[in-house]
Structures are given as structure tokens and as C-alpha cells.
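Subject: Structure for you to look at

Hello,

Please find the structure below, followed by notes on what was found in it.

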Amino acid sequence: MERALRLSAQGLFDRQVAELCEVSIGAVQKWRTGARRAHEDEDLRRHHSCPRCHGRDLDHVAYAHLLGLYLGDGHIVRCRKEVFQLSLFCGDGWPGLIEEAGQTMAQTMPTSSVSRRQRKGCTEVKSYSKHWVCLFPQHGPGMKHQREIKLADWQQEIVEAHPGMFARGLFHSDGFRGMNYVRRALPSGVRWYEYPRYHFKNESRDILALCCEALDLLGVAWRFNNRNELSVAKREAVELLDLYVGPKY
Ligand SMILES: [Zn+2]
């Protein structure tokens with residue numbers, strides 16, 4: 001079949017191709033039109049890949065997650081004219097996160113393939129598309145904390161519908177779930193207690209505010225530890241957040 005398609009592409013008539021390949025003319029016609037259709041479908045798919053420009057369906061659950069990952073620790077750079085690279089840097093200690101980040105990218109932009117590159121101590125998960133900037137209009141020069149980060153109305157709607165996935169993205173990129181140890185002096189002696197709590201640290205006040213909003217939507221109590229860090233420490237709040245986030249793995 002490949003030889004026949006190659007000969008057709010060189011301009012031979014179907015009859016000539018059929019003779020050279022010792023198959024029927026019908027078979028050559030079928031292969032040729034099938035290949036053209038597949039090519040056209042692929043073309044159409046690639047050129048209508050953007051939920052914003054072309055109205056392609058967007059997986060909102062995956063997008064809410066990816067938006068959290070991107071705002072936490074993602075980067076978009078222009079790599080060729082009109083083509084942008086979205087990168088997430090995931091620590092090598094978290095193979096589950098590397099896997100999940102790649103899946104989330106692929107679900108959000110199914111027409112672009114996802115690749116990985118080993119860096120020092122971490123893995124860069126990346127994908128190329130002309131349209132990453134349409135999905136992340138927060139893209140801009142410089143660091144995220146040096147510019148205003150405000151969600152577009154359509155992004156806000158998605159986050160409000162899926163605050164748990166958004167929080168998962170934020171906490172898994174720029175936060176963590178750790179153990180807190182507390183010393184108590186009791187009449188029977190000194191006892192140590194441990195309990196889990198979440199931290200989220202980010203230099204951008206806007207991104208911190210988005211994290212707080214998502215936690216409020218989930219009904220998870222939080223408080224600021226520092227100007228750039230918040231924590232979730234109450235037992236029932238941690239249990240609730242565990243349903244959506246959980247430890248990195
Ligand atoms: Zn677009």
C-alpha cells in the first residue's frame with residue numbers, strides 16, 4: 001500500500017500504479033482516497049485545535065487542574081513564530097505528579113503531543129501549541145508576582161465549577177502536605193503529637209487570593225502564616241482538602 005501511495009504521489013495514474021504493484025485499480029483508488037481523507041481530517045483537527053479560537057470542546061476538569069499547575073509553577077515561552085511552549089517543572093521525587101501533569105496537558109490540548117525532558121533534579125513536562133496563550137491569557141513577560149494575575153470570566157466559571165481540581169493543581173505545584181509535630185508536657189511525661197497540614201506558598205498576592213477563593217468554595221478553613229504563605233491545619237479542613245488534593249506522590 002505504501003509503495004502504491006508513493007507512486008500515486010509521484011503523479012502516476014491509478015492504472016499504472018495498479019500494474020506496477022500487481023493489484024486492482026479499485027484497490028489503488030481506495031487507498032489513495034482513504035489516505036487523502038485521513039490527511040484532511042488531521043489537517044482539520046490541527047487547525048481547529050483551540051477551544052477559544054475555534055470553539056473546540058474543552059475538558060473543564062483537566063483545565064481547572066492545569067490552570068492550578070500553571071499558576072503555581074508553570075511557564076509559557078514563545079519558541080518559534082506563533083508557537084508557544086507550556087512547561088511544568090516537576091521534582092523527580094514525585095513520579096505521580098510528572099505522570100499526572102502530562103495527562104492533564106494532553107487532555108486539555110489533545111492535538112498537541114506532550115514530551116518530557118530530564119533536568120537537574122526535576123523533569124520538565126512540556127507541550128507546544130499556537131494556542132496555549134489563548135488558554136492562559138495570564139501569560140506575559142517577567143515573573144507572575146510582578147504583574148496582575150486576574151482570571152478571565154470563562155476561567156472564573158470553570159474554577160467555580162471545579163475548585164477542587166484547581167486547588168489540586170496549586171497545592172501540587174507550589175504547595176505541599178506535610179506533618180506537623182507538637183510537643184505536649186503531660187503529667188505522665190512529654191508526648192509528641194503529629195498531624196498533617198497543607199501549605200501553599202506563592203509570591204503573587206493575586207495567586208494567593210485565587211487559592212483562598214478556591215478553598216472558600218470548598219468550605220476549607222485556611223489562614224495566612226506569612227504574607228506569602230497560607231496553611232490549612234484544622235483537622236476537618238485537612239480531611240476535606242484530602243478529598244481533592246492529598247499528598248504529592
Ligand atoms: Zn486559540
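Among contacts in the protein between residues at least 6 apart in sequence, what percentage join residues at least 24 apart? The share is 61%, where two residues are in contact if their C-beta atoms, placed from the backbone, lie within 7 Å.

This is a predicted model, in which local features need pLDDT of at least 70, side-chain atom pairs count only at pLDDT 80 or more, and totals for chains, interfaces and linings use all residues. Residues are numbered from 1 along each chain as its sequence is written.

An automatic or database domain assignment divides the protein into domain 1 (2-47) and domain 2 (60-244). Their C-alpha centres lie 48 Å apart. The C-alpha trace spans about 100 × 40 × 35 Å along its principal axes.

The protein has ten helices and eight strands, taken as DSSP runs (helices H or I, at least four residues; strands E, at least two) and numbered from the N terminus.

Buried residues make up 30% of the 249 residues; buried means that 20 or more other C-beta atoms, placed from the backbone, lie within 10 Å of the residue's own. The largest nonpolar core has 42 residues. Such a core is a set of buried Ala, Val, Leu, Ile, Met, Phe, Trp, Tyr and Cys residues joined through C-beta atoms within 7 Å. Elements that give two or more residues to this core include β2 (83-91), α8 (163-174) and α9 (205-218), while α4 gives the most, with eight.

F166 is among the residues with the most contacts inside the core. Leaving aside residues up to four places away in sequence, F166 touches A64, L67, G68, V159 and A214.

Regards

Notes. Buried ≥ 20, exposed ≤ 12 C-beta atoms within 10 Å, placed from the backbone.
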